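User: Hi! I have a model open and would like to learn how to read its features. Could you walk me through a few?

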Amino acid sequence: MGGLPQLRLEAVCDVNVSLARPRTAQLTATFLLLGLTAFGGPIAHLAYFRSALVARRRWLDDAELARIIALCQVLPGPTSSQVAYAIGLQRGGVIGGLATWSAFTAPSALLMLLLAFGLGHLGLGEFGQGLIHGLKLAAVAIVAQAVLVMADGLARGWRAAGIALICAIITGVAPSGLSQLAALVVGALAGVMALTPSLAASIEPAPTRAHRRRAALSGLAMLLLLLIALTPLGGFAGAFYRSGALVFGGGHVVLPLLRDAIVVPGWVGEEVFLSGYGAAQAMPGPLFSFAAYLGVLSSDGPGGVMGAAVAILAISAPGLLAVTAALPFWNQIMGDRRIGAAVAGLNAAVVGILATAFALVVLPAGVATPGDGLAALVAIGALVAGRAPPLVIVVLLGLLA
C-alpha cells in the first residue's frame, strides 16, 4: 500500500551480525551471573538480559527477545524468570530451560533461605544502605539504556512509535498487571491494522519439532491437571501454586496473593511477612524467591530447606508449565504474515511498557536527589556512548553511592 513506511528486518535486529548458538552450559553460567548481579526488579532484569544476551554475546537479537518477553507478559507467572526459562527451552529443550531458570533463581533463593534462618540482617547500617542505593542507581542507568536501544530497534517509524506511546499511556494511567495485558492486546491489534502484514513478513519463525509439540501439550495438560488437583485439596503446596498461577504483570503482583494465601490462615505473621518482602526488594534475581523465605517459616508444610524447595517449585510451576505449553506454538504462528504484524505491534508495546515502568517505578526508586540524577546520567552515557559493561556500572555505583 502506498505511503506506508517499509519496516524491514533491520528495524528489529541487525541482520549483518551472525548470532551465536550457545551451549546450555554457557547459558546456565550466564544466567547464574545474572542471578547474582541483576538487581532492581523484573523490568530491570529484562534490561540486564538484553545487555548480556543481545548486546554483549549476541546470542539473541532484539526481535527474538521482545517476542519472548511479549509471550511471558501474557502468561501467568514471573516474567523475568519465565524469559530465562524460555531462552533455555529454545536452546536446550526442557532440561535447558530448567537449567537457566535454576541458575537465575538459585542465588536469591539461597539468600532468602539464609535470611529466614536468621543469618541475614535487615539492618545493614549506613554502608549497606548506601550500597543498596547505588544498586538502584545502576538499575536506572541499565533500564534507561535498554529503553533507548529497544525503542530504536523495535519502535522505529512513526506508526510503531505511536503504538509504543499509546501503550505507555495505557500502562501509565492505571499501572497494573491488567493494564499491561491490555497494552499488549492494543499493540497486537494496532500492529495488524497499522503496520500491515508485509511489514513483518521477513520475521521468520523458529522451527517447531514434533517432540517440542508433544512437550507443549504435556505442559498444558500438567498445568490443568495440577490446577484441578491442588485447588480443592488446598494446603501448603496448593497455596503457593495458586498464587503463582494467578500472577499477571510481574512478580510484585504476588504480594497480595501470597498475603491472602499465607498470612490470612495464620501460617506466617504479618510483620514477618512484610519484613521478608522488604528484604526481597534488595536481593538480586526474581522476587518469587520470597517464597523460599515463607517456605522456611510457614507453620504449615515441611518447613526448613524442604519447605523452601516446595514453595519455590510450587509457585514457579504454573509459569514454567505455561511457557512450555505455549512457546512452540507461539513460534509456529510467526509464519503467518498477519501474526507477524501483530508481533511487530507487540514489540512496540513492550517498548512502551518498559518506558512506563522506568518512569514510574525504576527512576523514582533510584533517583532521590539532584546528585543521584547526575550520577544516573553519567552512567547512562557510559553505557550508551562508552559501551561500559553493566557489571562495571553496578559495582562502581554500588561502592560509590
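Predicted model: local features only at pLDDT ≥ 70, side-chain atom pairs only at ≥ 80, totals over all residues.

User: How do I read a pair of packed helices, and what is the angle between helix 6 and helix 14?

Analyst: Two packed helices are described by the angle between their axes and by the distance between those axes. Here, helix 6 (residues 158–173) and helix 14 (residues 337–366) cross at roughly 45 degrees, and their axes come within 7 Å. That angle makes helix 6 oblique to helix 14. The crossing of the two is right-handed.

User: Which residues of helix 6 meet helix 14?

Analyst: On the helix 6 side, look for Ala 160, Ile 163, Ala 164, Cys 167, Ala 168, Thr 171 and Gly 172. Their partners in helix 14 include Gly 345, Ala 348, Ala 349 and Gly 352. Sorted by class, this contact has 10 nonpolar, 5 polar and no charged residues.

User: How is helix 4 placed relative to helix 12: roughly parallel or oblique?

Analyst: Helix 4 (residues 79–116) packs on helix 12 (residues 290–297) at an angle of about 30 degrees, with the axes 7 Å apart. Angles under 35 degrees count as roughly parallel, so helix 4 is roughly parallel to helix 12. This crossing, too, is right-handed. Ala 109, Met 112, Leu 113, Leu 115 and Ala 116 in helix 4 meet residues of helix 12, among them Phe 290, Tyr 293 and Leu 297. The contact between helix 4 and helix 12 divides into 10 nonpolar, no polar and no charged residues.

User: Which residues are buried in helix 1?

Analyst: In an α-helix there are 3.6 residues a turn, so residues three or four places apart point the same way. In helix 1, the buried residues are Leu 27, Thr 30, Phe 31, Leu 34, Gly 35 and Thr 37. Helix 1 covers residues 24–37 and reaches 20 Å from its first C-alpha to its last, close to the expected 20 Å.

User: How many residues of helix 9 are buried?

Analyst: In helix 9 (residues 235–245), 8 of the 11 residues are buried, so this helix is largely enclosed by the rest of the structure. Among them are Phe 236, Phe 240 and Tyr 241.

User: Last one: what is the phi of Arg 58?

Analyst: Most residues other than glycine have a negative phi. Arg 58 has a positive value, near 55 degrees. You will find Arg 58 in the loop between helix 2 (42–56) and helix 3 (62–74). Arg 58 is partly exposed, with a relative accessible area of 43%.

Technical notes. Residues numbered from 1 in each chain as written. Heavy atoms only, no water. Helix = DSSP H or I, 4+ residues; strand = E, 2+ residues; numbered from the N terminus. Buried < 20%, exposed > 50% of the residue type's maximum accessible area, 1.4 Å probe, protein only. Expected span 1.5 Å × (residues − 1). Axes fitted to C-alpha atoms, helices over the stretch in contact; angles between N-to-C directions. Parallel < 35°, antiparallel > 145°, perpendicular 65-115°, else oblique. Left-handed = near helix turned anticlockwise from the far one by under 90°. Contact = heavy atoms within 4.5 Å. Nonpolar A, V, L, I, M, F, W, Y, C, P; charged D, E, K, R; others polar.
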